[in-house]
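These are my notebook entries on one structure, written up in the order in which I looked things up.

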Amino acid sequence: MKAVVVEQYAPIDQIELKDVPPPSMEPGQLRIRVEAAGIGFVDGLKIEGRYQTKDPLPFIPGTEFAGVVTDAPGAPGGYQPGMRVMGMTRAGALAEEIVVRPEALHPLPDGVAAEVAASFRANYLTALYALSSRAMLVAGEQLLVLGAAGGTGIAAVQIGKLLGARVIAAASTPDKRAFALTHGADAVIDYTQTGWRDTLKELTGGHGADVIFDPVGGEISVQAFRSIAWRGRHLVVGFAAGAIPALPFNLPLLKGGALLGVDLAQIPLREPDVQKRLMLQLTGWLADGQLKPVVGRVFALGDFREAFRTMQTRGALGKMVVRIST
Ligand SMILES: NC(=O)c1ccc[n+]([C@@H]2O[C@H](COP(=O)([O-])OP(=O)(O)OC[C@H]3O[C@@H](n4cnc5c(N)ncnc54)[C@H](OP(=O)(O)O)[C@@H]3O)[C@@H](O)[C@H]2O)c1
């Protein structure tokens with residue numbers, strides 16, 4: 001089968017598509033023909049060996065995928081050959097076939113394209129878990145989304161609207177701000193401008209943001225916290241800008257505010273019931289058309305490097321997806 005193979009941790013330009021044997025199966029596992037894989041920020045870090053955990057070499061990158069079950073001895077988890085699924089795993093999705101345990105899978109509602117499913121689970125579960133389970137966002141609150149045109153950011157814009165918030169989207173370019181408006185943001189801010197906090201103050205009628213969804217990090221995070229409303233909640237999602245900010249402790253005191261961590265990887269381990277409930281809510285919205293996940297750009301498998309480069313050079317609108325088979 002064709003697969004992207006990381007033999008040495010290296011920049012994406014040095015990673016190759018190879019012909020490798022299909023993965024072998026153990027009892028209780030299923031084989032999936034991968035139709036599409038979503039590319040996340042973490043995948044780029046893992047390939048370079050810069051993520052907090054290192055995959056043993058060699059490995060096939062890719063953590064999120066959608067496809068069709070082709071082999072399911074004993075029907076683990078009730079899955080049968082021919083069923084369409086979406087999945088999340090530690091590695092292996094950028095390949096024509098992947099072998100996983102049933103816990104990694106979720107059935108795909110009818111009519112949802114593989115590209116959509118591959119860009120869905122990680123970002124939308126992160127956004128819903130952050131906004132509902134951590135920040136307890138309620139209808140009518142003001143939500144500020146940083147990096148709002150990125151993969152997690154645009155998911156937070158859409159989920160914020162579904163939860164009834166007023167969404168203010170912060171992004172660095174006119175294209176990105178237009179993209180956030182197209183997907184439901186009520187107002188936008190150019191947070192590369194020095195006066196952006198004054199704009200936020202005006203947009204919130206002096207109130208500040210009740211909830212801040214922050215996948216960006218760096219100095220912007222501390223500035224954003226300074227503009228949080230009384231009893232505001234700042235969600236620590238990621239550090240796309242590179243730097244991990246340090247927050248002076250007097251700020252939460254003065255704002256009656258809270259800094260709340262969000263870690264998608266730990267939800268199934270520590271809060272499996274919450275994950276189950278949130279996935280049901282998300283797939284319900286997906287099935288009835290209330291939620292239309294944003295697919296940024298779709299690349300052919302041979303162009304996988306371009307998908308990574310687009311994300312890594314801050315050029316991505318939404319999530320980058322690699323189409324693997326039809
Ligand atoms: N906690 C969790 O469970 C969880 C889950 C998924 C992802 N994450 C993390 O969240 C972060 C964002 O992931 P994502 O998939 O949303 O990434 P993404 O699609 O690349 O979006 C990140 C956004 O950050 C902004 N940004 C600011 N400085 C940047 C820089 N130097 N390089 C790249 N982007 C920069 C960009 O928006 P502007 O150009 O508008 O500034 C970009 O749209 C990553 O650190 C990822 O590891 C965490």
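Is Pro58 buried or exposed? I looked this up and found that Pro58 counts as exposed, at 56% relative accessibility; buried means under 20% relative accessible area, exposed over 50%, and partly exposed in between, with a 1.4 Å probe and protein chains only.

Before going on, I note that this is a predicted model, in which local features need pLDDT of at least 70 and side-chain atom pairs count only at pLDDT 80 or more, while totals for chains, interfaces and linings use all residues. Residues are numbered from 1 along each chain as its sequence is written, and side-chain values use heavy atoms, with hydrogens and water left out.

**Entry: Pro58**

I placed Pro58 in the loop between α1 (41-47) and β4 (64-71), where helices (H or I, at least four residues) and strands (E, at least two) are DSSP runs numbered from the N terminus. The bond that joins Leu57 and Pro58 is a cis peptide bond, with omega about -15°. I then listed the partners of Pro58, which are Val5, Val6 and Glu7 when residues up to four places away in sequence are not counted; contact here means heavy atoms within 4.5 Å. Leu45 is 13 residues from Pro58 along the chain, and their C-alpha atoms are separated by 15 Å.

**Entry: positive phi**

I next looked for backbone exceptions, since most residues other than glycine have a negative phi, and most peptide bonds are trans. Ala75, in the loop between β4 and β5 (84-88), has a positive phi of about 50° although it is not a glycine, and Ala75 is partly exposed with a relative accessible area of 24%. Arg314 also is not a glycine and has a positive phi, of about 65°; I found Arg314 in the loop between α11 (304-312) and β15 (319-323), and at 55% relative accessibility Arg314 counts as exposed. Just after α3, Met136 takes a positive phi of about 50°, and just after α4, Gly164 takes one of about 90°.

The protein is divided into domain 1 (2-120 + 293-323) and domain 2 (123-265), with bounds that come from an automatic or database domain assignment. The contact between them takes 11 residues from domain 1 and 15 residues from domain 2, and I noted 28 Å between the C-alpha centres of the two domains.

How many residues of α3 are buried? I found that 12 of the 14 residues of α3 are buried, so this helix is largely enclosed by the rest of the structure; among the buried residues are Tyr124, Leu128 and Leu131. The contacts of Leu131, leaving out residues up to four places away in sequence, include Leu143, Ala156, Ile159, Val211, Phe213 and Leu235.

In α4, 10 of the 12 residues are buried, so α4 too is largely enclosed by the rest of the structure, and Ala156 and Ile159 are among the buried ones.
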